[in-house]
Amino acid sequence: MNRRSLFALAAGTAAVPMLARPAFAQQATITGAGATFPRPVYERWGQAAREPLSIQLNYQSIGSGGGINQITNRTVDFGATDAPRNEAQLREANLIQFPTVMGSVVLIVNLPGVADNTLKLTPEVITDIFLGRITRWNDPRLVELNRDLRMPNLPVSPAYRADASGTTFVFTTYLSRVSETWKNGPGAATSVQWPVGNGARGNEGVSNAVRNTAGAIGYTENAYATVNRLITTQIRNKAGNFVLPVMETFQAAAGTADWTRPGFAADLVDLGGPNAWPIVAPTFILLPTNPVADRVAGSRNTMRFFDWAFRNGADAARRLEYIPIPEAVQASVRSTWSQVRDPSGNAIWTGSAA
Amino acid sequence: MQQSVSNSPRSRSSSGAGADKFFEWLCVGAGLFVLGLLGAIIITLFIGGLPAFLEFGPQFLWSTAWQPVEGRENYGAAVPIIGTIVTSVLAILIAVPVAFGIAFYLTELAPEWLRQPVGTAIELLAAVPSIIFGMWGLFVLVPIVQNYIQLPFGATLSALPLIGGVFDSNNFAGTSVFAASMVLAIMILPFIAATMRDVFMQVPPVYKESAYGLGATRWEVVSGVVIPYTRISVVGGIMLGLGRALGETMAVTFVIGNANRMFTSIFDPSTTIASVVAMEFPESLMGSLKQSSLLALGFLLFVISFIVLAISRWLLRSRLK
Amino acid sequence: MSTTFDISTDPAKNMDAARALGRRRRFVDRLVQTLCVLATLIGLLFLASILFTLFLRGFAALDWTVLTKEFEPTTYGDDTAPRGGLAHAIIGTFIQTTIATSIGTPIGLLVGTYLAEYARGSRLGDAVRFVSDVLLSAPSILIGLFIYQLVVLPMGGFSGLAGTLALAVIVIPVVVRTTEDMLTLIPNTLREAVVALGAPKWKMVILVCWRAALSGIVTGVLLAFARIAGETAPLLLTSFGNNIISTDLSTAMGSLPIAIYQQANSGFPDLINIAWAGALLVTLGVLAVNIVARLLLRTRK
């Protein structure tokens, strides 16, 4: 094969992708980054909104920490985080914060012979597992709780998120709430120093780690547990009842949320309701109040997108097992959007018709 | 071996001389640009990491803390540094005998028609992107380590006298220092094998032939003639492999278990500088102490790689001339 | 005294000792040979295992949809949702690697020419060669960090441009190394003949040396192209990833390695299958380019 024909072949192959490029209409693009927690629902909304709004969503799920970082640096149009920012932080970074959906964190285990939603765990036991104080599954305390199950003699292998994650934030907030030792030890954050266990990347990493190791236990957002058919557990909530990780208990927790806190940072962790799942949390969007001229269009389109999602996206959210935000809260959210102003001081959001 | 052809002082046309000067400056400029590039990388990393160095002082180097919670932040480089060095050294220990075997086979044992294809196949292993190694490592190697090495042999290995402690671990997820070392070993294997093969082939045939003439076996020729002749270059090639292993990111991140804790057993999870940066940099806020610590780690990795590569080049200089 | 092997005893005079020695040497030789064959088989086994896994899981998911459609979210929860693909990533990788190679190759070519034609034996030349080799083996994530500080932050956003620049930095030392190696192989007599005919040096270099070393240089460029096509770490911090087909260098751009990385971690089996298909594509592409490059080199010889 001589050189000339080789080059011709290479040039020909190079041209193919150019030819195959589909024609796409002129569409506005908004870029967001952050939490993996709500990724499935944001992507589904993005897909559905393309037609009616002519907006394309580019969402990169790099973790809540990454989302906060990117929006603080103004390298994206909006940030997504499960860990709400407090008033001072929002003011300092010139951001507003609003919730979009609520999701739940569940515990997943891999124990031969133990079926879905049969293992019973209490807050104390969960904390001790992740502190490394309980090292085998046939520990007397676990056997005591689960008399109807045969607890295998396997080592306990905790798995956690190695990347900064809102799921970690929600879970460690729960652990800090139920245990002084945990609060003073690793604490609650998107990334902590875990005393024991293996770190994995993303919800997939944790699901994988648990699926592949007999005796593993991890925490993950509910949708990932369902789609991967992982074994979830019951948890004893604050009222003393063992609840299952199902839509009813999630909604029971969500129903008692207090949305009047600054930044809509409703606290749904370890609530007192009799049927409430103890680890439920909203997930938030961060939007700059002072976008630069280049980003004004992106800002407007982000608000249009979420406005549309509030009105039309509840079904899609429920099908993915998230809980939509109540309508009253949605109205509140829209009123905070008036704080977003362009460089000449005018409010960018002028109502749903925009 | 060859001298540069010097410029003729009697160039015909002035435009020829001008064009010559211009072209020469272009080339020199490009060379200086490369120098500047390296300098810029080092300076950028150092300046970025300076706040961390100032905050923590020299104890940054040996502190095993890694506390990211706001308000009580404390970072130390010891765990990533030791993780990087241990996984790379273990990878070398595993890869070098196998690479030697491959090089020996390709230069002495293989029939002529087999040398090209096998050599190419080994070199293709070097071309596989590292993320593929990561995925393969996670989906194929880790379960093997978990199910065929750790679970059956873990207890017996930890019972060994003296070195048993190295194998004793509570971690049965398979992602561990050992898994990372294995994946690294497979990644650097082709580089070391190719270097060894190249230097083995440079031994003057007359030395080998005289040894054969005296009745030496193949192994004796290699151990008695080839290796002593090439040992410096061989070590240089090993150092080159070590340099690659130190900086490997994606393959290690998938299989090392990402635990910012000091490990006591090769079956424990740990972390390396490259993987902790890949994991935690995107999340770090600009100008934060965490980002600065990560840049400081990047700077340290650069320094370590630089030293290893410098030693490797110095040892290989006879081969390069 | 004579129970142990006595060096002064001539083995030829003691047939038993000679035979035992010969047996032992032959045994060691056989043992080592077997181990070496084993080592080679192990090396080949790993390659086979990787390719096998890729083919098994990648081909199962590879179809026309994956090649031509851009990213769609998982179909979990809604079976009527359209399936997505990797078109955005393929185009992004193609754009970034092509432009990065176009930027890095001229620079690498000039540096390699400098080292081979102008700087043999000079201190500056040695320093440049050393620095080029350091860059060749430098951890690619550090290059990503560097470009992030230098380009992403001032620009205020991720961009295909930043990703391209990071890849170009990786291309340069590969091209430098192969260019220099190829040019030094050209005999000096060729150079002397050209200069004797009155040609200025720059013409000698460009029209004669480069042309003579062309296939070797092209090999280097192809190898660099293959290498950057598979790089993930530097792109993680520079071009960030984009799920929409985009040819705009000033905004974030997708690429195959990033798409693989993100979809493999997505938690949804249908997206993970697409990730494996992407992994297969990248590997096949990289291996194909490598084989073509080696064939080019061999036909030259």
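Me: What makes β5, β10 and β11 of chain A an open sheet, and what is the pairing?

Reply: These 3 strands line up in the order β5-β10-β11, and the pairing is mixed. β5 (120-121) and β11 (242-243) of chain A stand at the edges with a single partner strand each, so one side of each has no neighbour in the sheet.

Me: Which strands pair with strand β6 of chain A?

Reply: One is strand β8 (residues 216-221) of chain A, joined to β6(A) over 3 bridges in the parallel sense. Another is strand β7 (residues 198-200) of chain A, also parallel and over 3 bridges. As for individual residues, Pro158(A) stands opposite Ile217(A) in β8(A), while Ala159(A) has Asn198(A) of β7(A) as its bridge partner.

Me: Why is strand β6 (residues 157-161) of chain A called mostly covered?

Reply: A residue is buried if 20 or more other C-beta atoms lie within 10 Å of its own, and 5 of the 5 residues in β6(A) are buried. Both faces are covered: Ser157(A), Ala159(A) and Arg161(A) lie on one side, with Pro158(A) and Tyr160(A) on the other.

Me: What makes chain A as compact as a globular protein of its length?

Reply: The secondary structure of chain A comes to 14 helices and 13 strands. Its radius of gyration is 23 Å, close to the 20 Å that the globule rule gives for 354 residues, so chain A is as compact as a globular protein of that length. Its C-alpha atoms fill a box of roughly 70 × 70 × 35 Å along the principal axes. Buried residues make up 53% of the 354 residues. Of the contacts in chain A between residues at least 6 apart in sequence, 72% join residues at least 24 apart.

Me: How confident is the predictor about chain A, and where is confidence lowest?

Reply: The average pLDDT of chain A is 85, with 92% of the residues scoring at least 70. Confidence is lowest in helix α1 (residues 3-20) of chain A, at a mean of 46, and highest in helix α5 (residues 123-131) of chain A, at 94. Over residues 10-25 of chain A, pLDDT stays under 50, and the model has 7 contacts beyond four places in sequence for them. Where pLDDT is low, the predicted coordinates should not be read in detail.

Me: Why does Thr238(C) count as buried?

Reply: The cut-off is 20 or more C-beta neighbours. Thr238(C) has 29 of them inside 10 Å, so Thr238(C) counts as buried. This residue lies in the loop between α10 (233-236) and α11 (256-264) of chain C. Beyond four places in sequence, its contacts include Gly144(C), Tyr148(C), Phe158(C) and Ala166(C).

Me: What residues make up the side of chain B that touches chain C?

Reply: In total, 73 residues of chain B are in contact with 77 residues of chain C. The largest share of the chain B side, 19 residues, comes from α1(B). By class, this side divides into 48 nonpolar, 18 polar and 7 charged residues.

Me: And how many residues of chain C are in contact with chain A?

Reply: There, 28 residues of chain C are in contact with 27 residues of chain A. The chain C side has 14 nonpolar, 12 polar and 2 charged residues.

Terms used:
Residues numbered from 1 in each chain as written. Chains lettered and ligands numbered in written order. Predicted model: local features only at pLDDT ≥ 70, side-chain atom pairs only at ≥ 80, totals over all residues. Contact = placed C-beta atoms within 7 Å. Nonpolar A, V, L, I, M, F, W, Y, C, P; charged D, E, K, R; others polar. Helix = DSSP H or I, 4+ residues; strand = E, 2+ residues; numbered from the N terminus. Buried ≥ 20, exposed ≤ 12 C-beta atoms within 10 Å, placed from the backbone. pLDDT = per-residue confidence, 0-100. Pairing = 2+ DSSP bridges. Rg over C-alpha atoms; globule rule 2.2 N^0.38 Å.
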